[in-house]
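Work through the exercises below with the structure in view. Each task is followed by its solution.

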Amino acid sequence: MKLKISTIPIDGLELDFSLDAQKLRQSFGSNDRLQQAMQTAIQVKLSVEKQREHVHLKGNFELALQPTCDRCLETFSYPLQQALSVTCMPRTMIDEEDDGLLAYHGDQIDLAEVVRDQLVLSLPMIFHCRQDCKGLCPNCGINLNMGQCSCEAAVQHA
Ligand SMILES: [Zn+2]
Ligand SMILES: [Zn+2]
């Protein structure tokens, strides 16, 4: 999804598009955690405004990730809706990029890249299937959300 800057009208643009899950997975490269979690398309709504060489992108995106719980290793559904507000400027005008400021090259902005970067920033460091996930027994590996094992007493007494 490329946005050609020279084609943005004075009144701006309203965009409504989706990003393919498979392409996004590839773009995560070696980040296995995200590759695995990315199973559905991302729905994106953006207002685009241009002021001279500044391009303002404002809107939101939503998707349902399928991450693996870091405690119990079960896969679960993690719906995410995230606001997005980014200003893009030509590479030559920016010293340093940050969360809200992006450089573009030439006449186009890769919107898939913008959304992907914002998605990565908005994700938690750790996924938990629920707040009180009990995880796996470190001893026998049973999922303690599903049932008890007999190790617990022994571990506590040790
Ligand atoms: Zn869990
Ligand atoms: Zn156990």
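**Exercise 1. Find what share of the contacts with a separation of 6 or more joins residues 24 or more positions apart.**

Solution. Two residues are in contact if their C-beta atoms, placed from the backbone, lie within 7 Å. Residues 24 or more positions apart account for 50% of the contacts in the protein with a separation of 6 or more.

The model is predicted: local features need pLDDT of at least 70, side-chain atom pairs count only at pLDDT 80 or more, and totals for chains, interfaces and linings use all residues. Residues are numbered from 1 along each chain as its sequence is written, while chains are lettered from A and ligands numbered from 1 in the order in which they are written.

**Exercise 2. List the elements in order from the N terminus.**

Solution. Helices (H or I, at least four residues) and strands (E, at least two) are DSSP runs, numbered from the N terminus. The protein has four helices and seven strands. Their order is β-β-α-α-β-β-β-β-β-α-α.

**Exercise 3. Check the span of helix α3.**

Solution. Helix α3 covers residues 111-122, twelve residues. The expected span is 1.5 Å times one less than the number of residues. That gives 16 Å, and the end C-alpha atoms are 16 Å apart, so the two agree.

**Exercise 4. Locate the domains and their contact.**

Solution. Bounds come from an automatic or database domain assignment. Domain 1 is 2-127 and domain 2 is 134-158. Their C-alpha centres lie 40 Å apart. Four residues from domain 1 and four residues from domain 2 make the contact.
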